Amino acid sequence: MTDTPTPFPAKAPGFSGPWWQAVWFAITVALTFLGLLAITFVIGRVVPIDPVLAVVGDRASQATYDAARAAMGLDDPMIVQFARYVWGVMQFDLGVSVSTNRPVAQDLARVFPATLEMATLGILIGVVVGVPMGVLAAARQGTWIDQVIRVIGLAGYAVPAFWLGLVGLVVFYAKLRWVGGPGRIDIFLDGMVAPVTGLLLIDSLLAGDMDSFRSAFGHIILPSTILGFYSLAYIARMTRSFMLEQLGQEFIVTARVKGAPARVVIWRHAFRPIRVQLITVIGLSYAGLLEGSVMIETVFSWPGIGNYLTGALLNADMNAVLGATLVVGAVFIVINKVSDAMYRVLDPRAR
Amino acid sequence: MTLLHVENLCVRFPSDQGEVEVVRGLTFTLGRERLGIVGESGSGKSMTGRALMGLIPKPGRVTADRMEFEGIDLRGLAEPAFRRLRGARMSMAMQDPKFSLNPVIRIGDQIAEALEFHSRLSARDRRARVLEVLQAVRIDDPERVYQLYPHEVSGGMGQRVMIAMMVILEPALMIADEPTSALDVSVRAQVLEIMDDLVRRRGMGLILISHDLNMVARWCDRILVMFNGQVVEECAAGQLHAATHPYTQGLLASMPRLDEDRAQLPVLDRALIGAGLGGRT
């Protein structure tokens, strides 16, 4: 045999294998985080808000001002300040919020799980409904099914979130009483479940408190469904176009030549290759939801990170803004890294 | 014995300027022999192959006065019935393994699929059969190749995998659509020889579709020359030099020879041929 396949080129001689890959992975994550920290640090220095003034007030004498400035370490060289900032972040010290008077890390530990819970349920709905819808639309391209799915997708782009939220509340909460109203849980159950993860659905299950679980579920299902609807519109549209691209490939003809039934052609031969692309789309949608949807969080009085960040911005609460920005940045890094890892599992060409 | 009986086969596609006929009244029969269909790109030879497999995509239309395969009327045959034929009784080797093999499924599993669709063999028996057929296409280490993905093998090996996939159920008819045009010249002969060997040993009928007159003359018993969706010449492979149609003669004349003494190769005069056929050019 003359044509033996060429072996995969190793990244660098001596630096291959799963062990090195894991180390490399950790290094890239750490470096990306450092870059993120550098950005938030620089933003904190360039915004025209004087942190010293915020502490001493604008009536303090020059001596007091200088003393406070020195005490806050703002006279030290930039690199020292940056090192101190990184060190602080590593110990989850993000400073104190001016508006809530609590450590920012504590605030975030409270608001982020609220958003996480809603976004996760939302993306689950978006994927579970959106992907099959997109596949179906591609398989039935040009039929009425395709048209209906396209209209649903268009609605997802065209209908404003606050409107859908308000109409949803009027119909399903006020009229039909199918779901709970604004907030994460009914007032009389608030604070009944000890926070473990901060995710009410999980905490109430852990505590075995089914009343709280039902109430929390009733409150989260409507905003999550609306978020899910928006990601569904995007996911279904992308799935459809990815599928159409694959269905036009030669290997689809090969599969049919072998006598493959339509189900196998669609789900095995066309769908498998698009999983990698879908992960990117789903990852980005999820990250978008985790930033917190200000509209939805406002309409549903949801104490999430979108609300928190908006409030902090309006109060010029820089520690809170930077802390929240850091969390959003970290979310993107984590989701990117997870999709990278999944590529390698799902696409043999990326290994 | 006649395997395939085709009379007046037409394939049409609607377009902005009305219907375009890509195959126009093709008639031929095929026994357990090797039939070559030659023609330039756009002559309708690939569409002929796909029409026989029932794989003309919508909105294309296939009509024929007669289209019988092993006594089964293929005209308007329902999809489930056609599916039972495809892969099992008739198969088609595609052009370029780079595009015609699924990039994310292991080679062995792709071959095993044909068995999955058409037999009740257990997973283990399927695997054994796949290893056998890989050996039959002269892959020395089938165990290893079974586990590979298409991007990990060369074009020549990819095409042998394709052939293995198409002969594993020993169909009565195999269509090979430009099976070597994507391959390096050095491995073409090898792939063709393997295919030829399998086809002859298993007594299959072969339709070899190509634009390469010499190749078809070398590996087939009989030749159809297609031009503009029609057959313009039909002859035994050995009688090609005695071709009478101006298109065939033109094709033959335009091929360089090793002992060339012409200063310039003649160019096909399409107007002359087209006039005789009254077709689009």
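Select the hairpin of β10(B) and β11(B) to begin: 2 residues lie between its strands, and B:Asn228 there takes a positive phi near 60°. Strand β10 covers residues 222-227 of chain B and strand β11 covers residues 230-236 of chain B; the two pair in the antiparallel sense over 6 bridges. Pairing requires that DSSP finds at least two bridges between two strands. Display B:Phe227 next, whose bridge partner in β11(B) is B:Gln230. Helices (H or I, at least four residues) and strands (E, at least two) are DSSP runs, numbered from the N terminus.

The model is predicted: local features need pLDDT of at least 70, side-chain atom pairs count only at pLDDT 80 or more, and totals for chains, interfaces and linings use all residues. Residues are numbered from 1 along each chain as its sequence is written, chains are lettered from A and ligands numbered from 1 in the order in which they are written, and side-chain values use heavy atoms, with hydrogens and water left out.

Two backbone details come next. Most residues other than glycine have a negative phi, and most peptide bonds are trans. Stay in chain B and select B:Lys58 and B:Pro59: the peptide bond from the former to the latter is cis, with omega near 5°. B:Pro59 sits in the loop between α1 (45-52) and β4 (61-63) of chain B. Then go to A:Arg177, which is not a glycine but has a positive phi of about 60°. The loop that holds A:Arg177 runs between α7 (161-175) and α8 (200-207) of chain A.

Now show chain A as a whole. Chain A has 14 helices and 0 strands. Along the principal axes, its C-alpha atoms fill a box of roughly 85 × 65 × 40 Å.

Colour chain A by domain: domain 1 is 18-90 and domain 2 is 105-350. These bounds come from an automatic or database domain assignment. The C-alpha centres of the two domains of chain A lie 33 Å apart. Where they meet, 14 residues of domain 1 are in contact with 9 residues of domain 2; contact means heavy atoms within 4.5 Å. The two domains of chain A bury about 1100 Å² between them, with 87% of it on carbon and sulfur atoms. Buried area is the accessible area (1.4 Å probe) that two parts lose on being put together, summed over both.

Which elements of chain A each supply at least two residues of the side of domain 1 that touches domain 2? Select α1 (18-46) and α4 (78-90) of chain A to see them. The largest share of that side, 10 residues, comes from α1(A). By class, the side of domain 1 divides into 10 nonpolar, 4 polar and no charged residues. Ala, Val, Leu, Ile, Met, Phe, Trp, Tyr, Cys and Pro count as nonpolar, Asp, Glu, Lys and Arg as charged, and the others, Gly among them, as polar. Between the domains of chain A there are 0 salt bridges, a salt bridge being a side-chain nitrogen of Lys or Arg within 4 Å of a carboxyl oxygen of Asp or Glu.

Bring chain B back for the interface of the two chains. Here 25 residues of chain A are in contact with 40 residues of chain B. The area buried between the chains is about 2900 Å², and carbon and sulfur atoms give 59% of it. The rule finds 5 salt bridges across the interface of chain A and chain B. On the side of chain A, the elements that give two or more residues are α10 (250-257) and α11 (262-290). That side of chain A has 13 nonpolar, 3 polar and 9 charged residues.

Finish on A:Arg268 and B:Glu116, a salt bridge with its closest N and O atoms 2.9 Å apart. Over all chains, the whole structure has 34 salt bridges. A:Arg268 lies in helix α11 of chain A and B:Glu116 in helix α4 (residues 107-118) of chain B, so this pair joins two chains.
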